[in-house]
Structure formats: C-alpha cells, structure tokens
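Welcome! Let us take a short walk through this structure together, with the sequence and the 3D view at hand.

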Amino acid sequence: MTIPLPAFRLLLAISAGLTLTGLPSPSRAQNIVVMVNGDPITDFDIEQRSKLDQLTTQKTPSRQEVINELIDDKVKMKEGKKYGVDPGVSDINQSYEGMAQRMRITPEQLTKSLESKGVRPETLKGRMKAEMVWTSLVRGRYKERLQVGERDVAQAVQAQTGDKLQIEGTEYKMQPIVLIVPRGSSAAFLETRKKEAETYRARVGSCEEANSLFRSTPNATIRDTVTKTTAELPEALRKVLDDTPIGHLTAPEMTKNGIEMVVLCSRKPTMIDTPKKREVREKMYQEKYEKTQKAYLDELRKAAMIEYRNR
C-alpha cells in the first residue's frame with residue numbers, strides 16, 4: 001500500500017526545482033528558538049527547512065509553519081526511539097541514493113544541486129529519516145486500524161461506477177538470482193561474470209535445477225519465490241516474463257548488487273482487481289492513514305515539552 005506521500009512529492013518537486021544556479025551560503029547562526037523534549041531547534045534549522053520547503057512546494061512557508069514541521073520531526077524521532085525505530089546512516093544514505101537514481105542523477109549531483117540552492121544534504125536526509133520513522137510507526141502500531149475491508153471497497157466501487165471488480169490477468173511465480181560482482185571489480189571480471197550468466201541460462205530448464213545450481217554456486221544467491229500479478233508489475237517486466245519460457249532465466253542485467261536474473265517458475269491465468277478497484281482501495285487506505293497519523297501526532301504534541309526561547 002502506498003503511503004501518503006511526503007517522499008514521492010519531495011522527489012517530484014526537487015526534480016523539477018533543482019538548478020545549478022548559485023546562492024549565497026546559509027547563515028550558520030545557532031541561536032536556539034525552540035526546545036522540544038530537551039532537543040534544540042535553531043535559527044539555522046529553520047532557515048534550512050524553509051529553503052527545502054520552498055524547493056519542494058515552490059511556495060514560501062511562514063516561519064511558524066516551518067517551526068511546526070521541525071517540532072513534528074523532533075516528536076516523531078523521539079517516539080521512534082521509544083519503540084526502537086531508528087534507521088541507521090546506511091539506511092538513510094540508501095534512500096538518498098534511491099531518490100537520486102529515480103531523478104536520473106548521481107547522489108553527488110543531487111548534493112551539488114541542493115547546495116546550489118543553499119540546502120545542506122543533511123537537511124534533506126533529516127526530513128527523509130523522520131518520514132521513514134513515522135511511516136514505520138504508524139503502519140506498525142495501527143496495522144489493524146488501517147486495514148481496508150474488501151466488502152467496503154466493493155460497495156464503494158459499485159456506488160461510484162457500477163464497474164466490475166475483477167478482470168482476467170496473469171500470475172507469475174519467480175525467483176531472483178544474483179551473481180555477486182564486488183564494487184571496484186575490473187571490466188575483465190565483469191565480462192567473465194556476464195559469460196557465466198549466459199552459460200547458466202543455457203543450462204537451467206526448471207526452478208528445481210536453478211535452486212540446485214545456485215544454492216551450491218560460490219558468489220551467487222537465489223532468493224525465495226516471489227508471486228506477482230499483472231497489476232503489480234510494470235509493462236516492460238511483464239513483457240520479459242511473457243517472453244520467457246517456464247523454468248528458464250531472463251536475460252542478465254547489471255545492478256548495484258551484481259548481475260541479476262529471474263527464473264520463471266510458473267505463469268498462469270488469474271483474476272486481478274480492476275484499476276478502479278485498486279484506485280478506490282488506495283484512496284480509502286490513504287484517508288484512514290491520514291486520519292490515524294494526525295490523531296497520533298496530535299497526541300504526541302500534547303504530551304511533548306515544547307519551550308519557545310526566541311521567535
């Protein structure tokens with residue numbers, strides 16, 4: 001289920017808003033404006049978040065709006081630590097790299113672009129971390145409350161359009177395979193691994209053979225079976241799987257993990273939800289999520305020790 005969207009909106013806005021025009025370097029004033037449960041928010045924090053908000057919304061937020069956002073982040077982070085939800089540096093960096101990749105730039109280019117707008121990369125990473133913590137908390141603590149009943153979805157679809165709830169689709173069962181290529185490997189080593197991948201493709205004719213082969217092959221791994229339907233896969237991947245014989249491997253692709261392939265274990269017709277039904281379910285989930293997270297945050301804000309020093 002997709003979460004209401006801070007991270008995705010952030011990605012789109014940054015992608016549209018970043019340019020390489022220089023701005024003056026930010027003030028480093030560390031004057032404390034607010035203390036939240038003993039944790040300070042400074043003028044510099046406010047300045048940085050304000051610039052990031054301008055970049056993502058193309059609007060200039062009021063100072064108090066920015067302060068409220070930062071207070072919310074402090075409260076979320078404290079609650080996360082209470083329940084052991086505390087993403088590490090590697091998790092945050094991976095998310096940052098993923099954002100850059102989806103923008104079709106390198107992490108270094110993303111950093112330079114942010115800095116050209118007077119925004120430190122740590123400011124974006126801090127916001128990303130708070131959202132990661134909060135999403136995990138809300139989904140974990142209120143899992144049952146967030147569930148959307150099939151009957152409710154069906155009734156909503158029928159009330160809106162009267163459309164069918166399901167259509168014919170395809171179910172794919174597959175196992176991802178990775179031939180590990182360490183970072184910094186030579187071009188010659190990579191070429192050798194690619195030839196190995198093609199050799200394996202010629203040998204494998206079933207999922208059983210793939211498991212037997214790759215579970216005993218050094219520097220290779222085969223993962224557990226994954227089941228996906230037409231509705232859950234992008235069109236390009238569906239075409240690849242439709243063109244792959246059952247029991248065989250897809251063409252090797254180079255990723256950050258190494259050379260990846262998929263062994264297709266089965267492909268069979270099934271009934272899948274219509275786009276309208278998925279749309280209605282998603283909307284109902286997001287409405288529940290927004291209501292739940294707002295009540296949760298209001299509760300935490302009321303219990304927090306918030307002390308204004310200077311405005």
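Which residue lies over the face of Tyr-96? Lys-125 does, at 4.7 Å from the ring centre. A charge sits over a ring if NZ of Lys or CZ of Arg is within 6 Å of the ring centre and within 35 degrees of the ring normal.

A word on the background: this is a predicted model, in which local features need pLDDT of at least 70 and side-chain atom pairs count only at pLDDT 80 or more, while totals for chains, interfaces and linings use all residues. Residues are numbered from 1 along each chain as its sequence is written, and side-chain values use heavy atoms, with hydrogens and water left out.

**The sheet**

Helices (H or I, at least four residues) and strands (E, at least two) are DSSP runs, numbered from the N terminus. Two strands pair if DSSP finds at least two bridges between them. Here an open sheet of three strands has the order β2-β1-β8, with antiparallel pairing. β2 and β8 are the edge strands, each pairing on one side only. From one strand to the next, the twist averages 20°; axes are lines fitted to C-alpha atoms, for helices over the stretch in contact, and angles run from 0 to 180 degrees between N-to-C directions.

| Helix | Strands touched | Angle of directions |
|---|---|---|
| α2 (residues 43-57) | β1 and β2 | about 60° with β2 |
| α3 (residues 63-82) | β1, β2 and β8 | about 35° with β1 |

Strand β1 (residues 32-36) is largely enclosed by the rest of the structure, because four of its five residues are buried (under 20% relative accessible area; exposed is over 50%, partly exposed in between; 1.4 Å probe, protein chains only). Val-34 stands opposite Ile-41 in β2 and opposite Tyr-308 in β8. β1 and β2 form a hairpin with two residues between them, and Asn-37 in the turn has a positive phi of about 50°.

**Aromatic rings**

Rings of Phe, Tyr and Trp (its six-membered ring) pair if their centres lie within 6.5 Å; planes under 30 degrees apart count as stacked, over 60 as edge-to-face and the rest as tilted. The whole structure holds four aromatic pairs. One of them, Trp-134 with Tyr-296, is stacked, at 4.7 Å centre to centre and 25° between the planes. This pair links distant parts of the chain, 162 residues apart: Trp-134 belongs to helix α6 (residues 121-141) and Tyr-296 to helix α11 (residues 275-303). Trp-134 is buried, with a relative accessible area of 1%. Tyr-296 is buried, with a relative accessible area of 1%.

Definitions and conventions: Contact = heavy atoms within 4.5 Å.
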